[in-house]
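Please examine the sequence and the model shown below.

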Amino acid sequence: MQILNNLFFESQQDFPYLTKELNEIFSDIILGGKIIRYKISKPKFINILASSNKKNIQNEIQMKLDQYANKKFIDIFKSKKNIAGIVSEEEKEIIFLEGDSAKKGKYVILLDPIDGSSNIDVNVSIGTIFSIYQRITPIGVPITEADFLQPGNKQIAAGYILYGPSTVLIYSTGYGINKLIYDSTLGIFSLLKEKIMYPSKGKIYSINEGDYNSFPVGVKKYIKFCQEQNKETNRPYTARYTGSFVADFHRNLLKGGIYIYPNTTKYPNGKLRLLYECNPIAFLAEQGGGKASDGNKRILDIIPNKLHQRTPFFVGIKTMVDKAELFINKHCYM
Ligand code: AHG
Ligand code: MN
Ligand code: MN
């Protein structure tokens, strides 16, 4: 059995594209994921599922679990030497690690500690999204913001842990997508499937249609196309939207579909954050033969200028994203 746990690989040869250093970072991510999964599954921790009544940098109400997960991951990474700094959705500024790590750590990590916060207290799937880059400032000097503002095509690894009916880790180091499942009795993740690819055809579209009136015309037209009798499926596409981006992406990856969060009146640049939501998911989508776009261009080629910058996001089966782009280009984006 191919196993990945929080201490070591039992069979390193089964994960040939994970270097020893990356292996250590993954072990840290897995440790955080195991703790979060434990917390949300125990009645005695039910209090952690409530709102904290505080807002984060994005002016969004933080749930206690957002704060808990954020702190837990930071504490875990802080105690390690190979990570030089962290960017988190829940922190305004970069977290520069102290001492040797900041100067010698080869990697920086970007995190959405809990994606799908609005689903925490209603027992719907949530996740942790991560993105890893090699630093560009030389080893020996402190890292800078430039280490985090790299385009997504420079990611060396990305993935998510999905806390659903089962807990799964989906990740890629640029050699296909791996899927591991958590066994809580043994406390380990074991490899279920390698080289996951999108199905060749899809029929699911995931978008918050409650915002329909404030969508760009091209997006409205694409939704109408999804609702028509479709030549391929002989019926309209199926709408599925949980409000947990990571869960919607996961379903669409396995069953075939497209996820869209366009610009809206409330979110003129889209809602999702480029660095720790869209880039890691775009990296996975491309590894699975899919496509990720902002409606016009490739997500992974966007040069970021702000840590918490947002972008419209279209991700899924390539032909579906191509079609959505066609509607956008034909009807103009705004
Ligand atoms: P987060 O919980 O990290 O703030 O992300 C929430 C995101 C994403 O998971 C989800 O798809 C989207 O917000 C839902 O937004 P709407 O409620 O506007 O549809
Ligand atoms: Mn999120
Ligand atoms: Mn979040």
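This is a predicted model: local features need pLDDT of at least 70, side-chain atom pairs count only at pLDDT 80 or more; totals for chains, interfaces and linings use all residues.

Residues are numbered from 1 along each chain as its sequence is written, chains are lettered from A and ligands numbered from 1 in the order in which they are written, and side-chain values use heavy atoms, with hydrogens and water left out.

**Domains and their interface**

The protein is divided into domain 1 (2-193) and domain 2 (204-330), with bounds that come from an automatic or database domain assignment. The table lists values for this pair.

| Item | Value for domain 1 and domain 2 |
|---|---|
| Distance between C-alpha centres | 24 Å |
| Buried area | about 2,900 Å² |
| Salt bridges | 2 salt bridges |
| Polar contacts, both residues at pLDDT 80 or more | 16 residue pairs |

Buried area is the accessible area (1.4 Å probe) that two parts lose on being put together, summed over both. Carbon and sulfur atoms give 62% of this area. In domain 1, L149, Y160 and I177 lose the most area to domain 2, together 19% of what that side buries.

Contact (heavy atoms within 4.5 Å) involves 48 residues of domain 1 and 33 residues of domain 2. A salt bridge requires a side-chain nitrogen of Lys or Arg within 4 Å of a carboxyl oxygen of Asp or Glu. A polar contact is a pair of N or O atoms within 3.5 Å; within protein, one must be able to donate a hydrogen and the other to accept it, and residues adjacent in sequence count only if both atoms are side-chain atoms.

**The manganese site**

R273 forms a salt bridge with E89, their closest N and O atoms being 3.1 Å apart. Donors are N, O and S atoms within 2.8 Å of the metal (3.2 Å for Na, K and Ca); water is not among the atoms, so sites may look incomplete. D112 bridges the manganese ions ligand 3 and ligand 2, which lie 3.7 Å apart. Both D112 and I114 are buried (under 20% relative accessible area, with exposed being over 50% and partly exposed in between; 1.4 Å probe, protein chains only).

**Helix 1**

K20 lies in helix 1 (residues 20-41) and is exposed, with a relative accessible area of 63%. Helices (H or I, at least four residues) and strands (E, at least two) are DSSP runs, numbered from the N terminus. K20 and G295 are 275 residues apart in sequence and 38 Å apart in space, C-alpha to C-alpha.
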